[in-house]
Amino acid sequence: MENEKPVSRSVRRISALIDKIVSFLCAIVFGAMTIDVLLGVFFRYVLNSPLNFTEELARYLMIWGASLAISLGVSAGEHVGLTVILDSMKKPNARKALAVLVNLFVFAFLVFMSVYSAGATIEAKSQMTQALGISMVLPKLAVPLAMILATIQIVLVSIMILADPNGRLTTSTTGYIDI
């Protein structure tokens, strides 16, 4: 890492910063979901007076948490890949080329999903949730935001792969990952 180029170092830092922020948000969201579910169980089975919003809130918090976590998987190189083929390749340049090609397909999918889900989110502005009574834009916003974060991370990951002389993805949180 000491011989790392400034551009590669900057890319790694940006990716790590995004990971740190998203990890924090996921912890908050999943913590809130846990509290919500516990409250729902307590009120339903202990007080025998169920709250009408806990199930819906838990569902939307789960969507937000899982959606945000997509970018964490992308930055760790845990997205869809051709690991059997990549593992059999001995030449670093061939491994890099195939890894970047796979990332291009993932990038195209993420851009498509960003555009499609943004449209669906905009269309939801007149819809309201049943129990919470909030606009459906808030729950649906999780997907386009997650796709944009994952798109940024796939670009950063590809730059890191291309920058590594051995054709390996190096991230601050996972060490070396053979691609």
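Predicted model: local features only at pLDDT ≥ 70, side-chain atom pairs only at ≥ 80, totals over all residues.
I148 sits in helix α6, which covers residues 142-163.

Looking across the fold from here, you will find L68: its C-alpha atom and that of I148 are separated by 9.9 Å, although the two residues are 80 apart along the chain.

## The overall layout

Let's step back to the whole chain. The protein has six helices and two strands, and from the N terminus on they run in the order α-α-α-α-α-α-β-β. Of its 179 residues, 36% count as buried.

In soluble globular proteins, nonpolar side chains tend to be buried together. Here, the largest nonpolar core has 18 residues, and the members that touch the most others are I18, V22, W64, L68, L149 and I161. Helices α1, α2, α4 (92-123) and α6 each give two or more residues to this core.

Another core lies apart from that one, with eight residues, including V74, L110, A150 and I154.

## S75 at the end of helix α2

Helix α2 spans residues 54-75, and S75 lies in it. Is S75 buried or exposed? S75 counts as buried because its relative accessibility is 2%, with under 20% as the cut-off.

The side chain of this serine has polar partners. One is the side chain of D19, in a polar contact at 2.8 Å. The S75 side chain also reaches the backbone oxygen of L72, at 3.0 Å.

Does the span of α1 agree or disagree with its number of residues? At 1.5 Å a residue, its 41 residues should span 60 Å, and the end C-alpha atoms are 58 Å apart, so the two agree. After α1 comes N48, which has a positive phi, near 55°.

V46 belongs to α1 (residues 6-46), and it counts as exposed because its relative accessibility is 56%. As a reminder when you look at the helix, residues three or four places apart point the same way, because an α-helix has 3.6 residues a turn.

Notes. Residues numbered from 1 in each chain as written. Heavy atoms only, no water. Helix = DSSP H or I, 4+ residues; strand = E, 2+ residues; numbered from the N terminus. Buried < 20%, exposed > 50% of the residue type's maximum accessible area, 1.4 Å probe, protein only. Polar contact = N/O pair within 3.5 Å; in protein donor to acceptor, adjacent residues only side chain to side chain. Expected span 1.5 Å × (residues − 1). Core = buried A, V, L, I, M, F, W, Y, C linked by side-chain atoms within 4.5 Å.
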